[in-house]
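Me: I have a structure here that I have not looked at before. Can you walk me through it?

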Amino acid sequence: MNTTSISVTELLAELVACPSVNPADRWPIEPPFGEARLAALLATRLRSWGAAVTVRDVLPGRPNLVARFDGINARRSIMLESHSDTVQAADMTIPPFTPTVRDGRLYGRGACDTKGPMAAMLLGIRKVLDEDGRMPVTVYFASACDEELGARGARSLIGPDFRPDLAVVGEPTDLAICHAHKGTLRWRIRTQGVAAHSSAPERGVNAIYQMNRVLQCIEAEMIPALRDRRHPLLGAATMSVGTITGGTQANVVPAECTIEVDRRLLPGESREALTAEARAKLDALAAATPAFTYALDATQYYEPLEMPTDGWAAQVVSAGCARALGAARFVTAPWASNAGVFATQGLPSLLFGPGSIQQAHTKDEFIEVRAVEQAVGVYAEIIRECGRTTSWPASA
Ligand SMILES: [Zn+2]
């Protein structure tokens, strides 16, 4: 055993025991919130493995990490990326940050989304270093912050000074290659009324009644219209109202009501066009309804992903998968990820990872340790395939 060797269980437990809950807009950022401690832990380990590591704040106290392992072919590069944040752990029924192993599963917040895939990526890199001595092409391990609440880390990761040829994003895909997924667009819609004493409601404008018209428009017109917006792989676009708040107390006509809407978009749909479409609907409502005023803000956006399965990038990933697992399987997903962000920036990106999305964000999140071990071999073979392939695009 050399000094760098660590088992899948040990490494995954170390990552889960380092809480990195997305802090949203909290300040100051205190444990269990924030990605900085995990980035520091990763930086120490990766430097001890010989990587050149940069940790750079994207938001105050919230860094992205990039570790570079130089390859024999320095002109080609692959990035393995796993986001560093997790969702919150307040409602969990297991100790979120004291990892436990039971029946072959490791339990804890982030075990599945996405520290299991992250551990497998790190050990896949370690495997190539141990067995081959050197990387065939330059290999980057990257960890972006803020994936769960807007992907602001991923959006500032790729640039003129950092542009790998290919990205594999670690998310729980059940050891399949996800090549297409929906995007997400979120709006906050507010109706503005006029407050009045509830004993004389005719003197006010009830913002909750106004919002009721918006909700009816969404349910009766906007949602049914989505049935015809279909993608051959991803099915129909969807829309869902997630939250509503309004009013202050029973004896006041409410002056304000707010909802949050989640729209899952398809490859080819643009957020600007969708927002303009929603505004047009609400403008029509305003024209037909006395005293109706509203405000609509787009609050979050994740780009959709669509990569061809017969393209060179998918072929490199599937060849690596087939070598390690005996076969490669392509799937699609209704959820969004950093891969959509990278692909929109022109970086060919696919998703692969151990674990099931069914266990992500749950009260008793876990991952099968065996699946993480299998993924280690797949990431190692994807790296090796980068050395074998001759099909890099000329423009890369
Ligand atoms: Zn994730």
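Reply: Start with His 83, which counts as buried because its relative accessibility is 1%, under the 20% cut-off. Keep in mind that this is a predicted model.

Me: Where do His 83 and Asp 113 sit?

Reply: His 83 is in the loop between strand E3 (71–81) and strand E4 (100–102), and Asp 113 is in helix H3 (residues 111–132). The two are 30 residues apart, so the pair links distant parts of the chain.

Me: Is Asp 113 buried or exposed?

Reply: Buried, because its relative accessible area is 5%. Helix H3 is largely enclosed by the rest of the structure, since 18 of its 22 residues are buried. After H3 comes Gly 133, with a positive phi near 85°.

Me: New topic. Which domains is the chain divided into?

Reply: Domain 1 (8–181 + 304–388) and domain 2 (184–301). Their centres, taken over C-alpha atoms, are separated by 36 Å.

Me: What area is buried between domain 1 and domain 2?

Reply: About 860 Å², with carbon and sulfur atoms giving 58% of that. On the domain 1 side, Pro 304, Glu 306 and Thr 332 lose the most area to domain 2, together 46% of what that side buries.

Me: And how many salt bridges between domain 1 and domain 2?

Reply: The count is 0.

Notes
Residues numbered from 1 in each chain as written. Predicted model: local features only at pLDDT ≥ 70, side-chain atom pairs only at ≥ 80, totals over all residues. Heavy atoms only, no water. Helix = DSSP H or I, 4+ residues; strand = E, 2+ residues; numbered from the N terminus. Buried < 20%, exposed > 50% of the residue type's maximum accessible area, 1.4 Å probe, protein only. Domains from an automatic or database assignment. Buried area = accessible area lost by both parts, 1.4 Å probe. Salt bridge = Lys/Arg side-chain N within 4 Å of Asp/Glu carboxyl O.
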